[in-house]
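Q: I would like to go through this model with you, one topic at a time. Could you put it on the screen?

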Amino acid sequence: MSDVFAFGPTPQRNPVTTEVVRGLVAEQFPQWRDRPVRPVDDGGWDNWTFHLGDDLSVRLPSAAEYALAVEKEHEWLPRLAPHLPFPISEPVALGRPSADYPFDWSVRRWIEGAPASTAAIADLDRLATDLVGFLAALQRIDPSSGPGPGVHNWFRGGSLRTFEPFTTRALATLQHRVDVDLAWAIWSQAVDAPWDGAVRWFHGDLAAGNLLLRDGHLAAVIDFGTCGVGDPACDLAVAWTLLDTTSRRGFRDLLDVDDACWARGRGWALWKALSTVANTPDPDEPAAVAARRAVDQVFADSRGR
């Protein structure tokens, strides 16, 4: 695989209405046709999500590029779940394209919980410990025949150099708002950090919206659309997006991460956070505020604070 993949334009999202979802369910899964359908609040970007009664949800990719993950998740989630210490998304049925909707889609078991946020987390040290337990268990799963980095997961698990154009554009936009020299130093260290080539399972997007909390503690991990096997450093980004200096130190110690992997993980956190800050017009938007905090955490970590 080449180090650099030329990503095309941002996927064009296709809106989906409640009426379309009702029609798909009635046509393909008539046993659920009488269940109420309503949109999920803040259902994510890659998929449109709807409640199907109280215990199920319907998840429909918002663009063709995101639809590549549907069958992958349908195949692999039931195989991963028994090995993990927290509940994950559970596929119940696989929907197919129709005259009203062009992609594969899925019915999932609904998992109660609130998306993680720094304000909602009750104990950062406990969250760090729980995340280590989840990642360690995930990485122990046999990676044989698992999906490697590719278009289906936006090359998670592959080379960080793939994302250098995103970093370059973001820093050009933010040249008067962040320490560009420090950012480039961190990035250079990350892309130069060697990987031992040991392929492991990774989630690919341990972002706040994919970690569900109950009573302030981790309760479930959802949205495995970017999962696969490869370099698991991409999953370390959560150490800078949700944890603080103390809990991040505990996270690293418990997971026993070497310097090279830690540097690559920091690079993943950096390019994603910089891109979010650069591409969010309103700096007071919650996504921009969270991303700026992640940049600050990356900078502080690299300075040894």
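Q: At what angle do helix α5 and helix α6 pack, and how far apart are their axes?
A: This is a predicted model. In it, α5 (residues 164-173) and α6 (residues 180-192) pack at an angle of about 175°, and their axes are 11 Å apart.

Q: Are the two helices roughly parallel or roughly antiparallel?
A: Angles over 145 degrees count as roughly antiparallel, and α5 and α6 are therefore roughly antiparallel to each other.

Q: Which residues make the contact?
A: From α5, Glu164, Thr167, Thr168 and Leu171 take part; α6 contributes Val180, Ala183, Trp184, Trp187 and Val191.

Q: And how does that contact divide by class?
A: The contact of α5 with α6 comprises six nonpolar, two polar and one charged residues.

Q: Turning to the strands, in which sense does β2 pair with β3, parallel or antiparallel?
A: Strand β2 and strand β3 (residues 56-61) pair in the antiparallel sense, over six bridges. Strand β1 (residues 37-39) also pairs with β2 in the antiparallel sense, over three bridges.

Q: What stands opposite His51 on either side?
A: Arg38 stands opposite His51 of β2, and His51 in turn stands opposite Ser57 in β3.

Q: What about the hairpin of β2 and β3: which residue takes a positive phi?
A: Gly53 does, with a phi near 70°; the hairpin has three residues between the strands.

Q: Why is β2 described as largely enclosed?
A: Five of the six residues of β2 (residues 47-52) are buried, so the strand is largely enclosed by the rest of the structure.

Notes:
Residues numbered from 1 in each chain as written. Predicted model: local features only at pLDDT ≥ 70, side-chain atom pairs only at ≥ 80, totals over all residues. Heavy atoms only, no water. Buried < 20%, exposed > 50% of the residue type's maximum accessible area, 1.4 Å probe, protein only. Helix = DSSP H or I, 4+ residues; strand = E, 2+ residues; numbered from the N terminus. Pairing = 2+ DSSP bridges. Axes fitted to C-alpha atoms, helices over the stretch in contact; angles between N-to-C directions. Parallel < 35°, antiparallel > 145°, perpendicular 65-115°, else oblique. Contact = heavy atoms within 4.5 Å. Nonpolar A, V, L, I, M, F, W, Y, C, P; charged D, E, K, R; others polar.
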